[in-house]
Amino acid sequence: MFKKILMMLLILLPINIFAAQTSLTNVLAPQPTTCISSSFSATGDNYWKTVSLKLTNQCGKAVDFQDVSVTFKSLSTINTGFWGNFSTLPWPSGSLQITSQTDPTGGYISSFNLHFPTQQGSTMLAAGSNIVIIYGVAKDNHVDGSTKVYLSTPAQTGTVNFTNQTTRPDTTVPTTATIHLKSGTTTVTDVALPWKGSKTVTDVAAGLSYNVTADSVKDSSGASWTATISPATFTLTAGATQQVSVSYAKQASTGGLIIQFPTVPSEISGYTKAPVAEIKLNGSTTQNVTGSWNNSVTVNNLVAGNVYSFSSPTIEYNNMTCATSFNPATLTAVSGSSLPTTALSYTCTPVKQITATLNVSGAPTTLGSVTVSLTPSDGSTPVTRAVTLQNGQGTATTSLIQGKIFQVSIPAVDGYTVTYAPQPLSATSNVTENITLQASSGTPVSINGRLKVCGTQLCNQYNVPIQLRGMSTHGLQWYYNCLPTSAFAYLANDFKASVVRISMYIQEDGYETDPAKFTAEVNHLIDEVSKKGMYVIVDWHMLEPGDPNYNLERAKTFFTAIAKANVNRNNMFYEIANEPSGVSWNTVKSYAQQLIPVIRAIDPDTIIIVGTPAWSSFGMSDGQSVSSVTSSPLNFPNIMYTFHFYAASHKDSYLNGLDTASNTLPVFVTEWGTQTYTGDGTNDFTMSQKYTDLMAKKKISWTNWNFSDDFRSGAIWKTGTCGTANWTAANLKPAGTWIRQKIISP
């Protein structure tokens, strides 16, 4: 409630807005690190060469060389051990071996991995430093300029921001357009780009050339909409953001052609998937056609006079690779009944495979097996292998296509962290992948798991009622500098907080000014809080106007993006309306009934918190009874209701209202303070104690307002603390000292 006055005062203050590191829209394919330079040198005679490969860190900062993978091209096979000079890094552990596989383009791809024992020193290679790999061969015939270095943690990265300039054609078209970001032929990531919206992809390797393509879409009339992309190709600069504009135009459906699909090649007899062809115009896919074996498909919704090309994915089946071609390679679409025909054909060759060993250790003894997924960097079908466990350990082998690079993963195990060595995995002869699980220290999330609503209580994974206690951030547009990694570490380790509320304003220079930026910031903060094992409340901090329906479409867009990005997390809450005001419960309820299904379609389980009328006072600040809400609850599972109070302003009648409401509905106090509703003034710790006693007795969870160094008494840090990140008890204001103790022990 106090934020009306707060906003008027804040516009008089100088505000620092800090840029945030954004989160990925989806996992990026492994990419070489271009700022690691390489150079070969050799000594010896006509009978033996000692070859040195120097890898130099030219990234301008220290980079982590743990589990690095290196490949280079050679004109003959190299299968030998190596040694070297590893500078300040520890001596690598495990087998130091270079192996080679046939390169389909000619010659061989040679590769090796490095894993360092962390207990023997740092794995960070300083800027300007180098390591040297040394090996012996009868003949040195490496290919200069072919070396690629794959770091587990990207060294120099940039950001790509995609903007769709086109309004959704009609309701039959998917709600997002599919955009492909590629480096060469490798798909880096696929982006679900909202119509008339934006999407940001971060941690993209700098220094590489990228190309962007977009899938066409069909509207209800069957007409195709194809994309124009600007720029369609670019080279990404470290630390920079590349803007990519995508716009769609409707293509006249007056031309056609025929695609003839062959019989199933004898080499892959038993293959049951339908053949697929992509029709492309100027390199961009306009249409995907699913056919049937030994049959033809007539495509009638093309533009007469346009020249179309074709492609079809390679089939990998039964240890065979079947490459595709079309004859003719291009066709001009025509109108009428006499349509031109192109024929798809396959050329199948055996693929070389290697055996990879998968070692799993450190798992909980109650876990009987774990499924390991190996996702190829070229976008082909992942390989999965179940590893049977006994006493937390197990070993299995799997066949992989030689020369491919795989990202390794297993499903999350509650209470455990996972390390992979190497990561990514290069499919070389007799390669071993070590997957190590380690029990995390008893964090709130590892102990309680995914939460649920049981009756009027918040319960853990064992159906035991619990109380969460923590802090709410201030507005991200003003106090993002109060939220570095160290702040969340302090909350988790010193405050013993179990929950953090991420407060994102909608108006007041918030989300509506830059949806992509604020969405990315929230995703980044979710990740930071999650790493510390705490629960996260994503607060849609609507304030003015007080009718949540004003921001309904924005809320749908935001929560769709957030839910998709975090659907696999087990520590989330979605607070969909901070403080409705000037409207009835029926109005708020209508808003919730429209927004909740949007979230539930993506994430059916995460708890959703709904604001209540009159600044989340269950209507009391407008003179209403709490029964206006309690008598007409929402008909969804896992729903909670907000109550906000400020102890110096909201006395016993509000306390009694909270008591009454929580007898009927599950309540989460997502915002409260020890001062007046302005967030300022004298602390009333006596009244605050009454509230915390009630909330402890009834296990009502809460987050206090606020974790910032605002000058008001309600901000727990003394002014200037955030700029220094000096998180110590000496820098806490009186409210901060009191709240810290109540979080530790209510």
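This is a predicted model: local features need pLDDT of at least 70, side-chain atom pairs count only at pLDDT 80 or more; totals for chains, interfaces and linings use all residues.
Residues are numbered from 1 along each chain as its sequence is written, and side-chain values use heavy atoms, without hydrogens and water. Local features need pLDDT of at least 70 and side-chain atom pairs pLDDT 80 or more, while totals for chains, interfaces and linings use all residues.

Reader: What volume does the largest cavity have?
Author: A cavity is a set of points on a 1 Å grid over the protein atoms alone where a 1.4 Å probe fits but cannot get out, and lining residues have an atom within 4 Å of a point. Points are joined across faces, edges and corners, and a volume is the space filled by probe spheres set on them. The lining of the largest cavity includes R450, Y535 and D605. Its volume is about 60 Å³.

Reader: Which strands each supply at least two residues of the lining of the second largest cavity?
Author: That cavity holds about 30 Å³ of space, and its lining includes S224, T226, L281 and L302. Strands are DSSP runs (E, at least two residues) and helices likewise (H or I, at least four), numbered from the N terminus. The strands are β18 (224–230) and β24 (295–302).

Reader: Is α11 roughly parallel or roughly antiparallel to α13?
Author: The axes, lines fitted to C-alpha atoms over the stretch in contact, are compared by N-to-C direction on a scale from 0 to 180 degrees. Those of α11 (residues 685–697) and α13 (residues 734–744) come within 12 Å and cross at roughly 20°. Angles under 35 degrees count as roughly parallel and over 145 as roughly antiparallel, so α11 and α13 are roughly parallel.

Conventions:
On a 1 Å grid over the protein atoms alone, a cavity is a set of points where a 1.4 Å probe fits but cannot get out, and a pocket is an open set with protein on both sides within 12 Å along at least five of seven lines; lining residues have an atom within 4 Å of a point. Angles under 35 degrees count as roughly parallel, over 145 as roughly antiparallel, 65 to 115 as roughly perpendicular and the rest as oblique.
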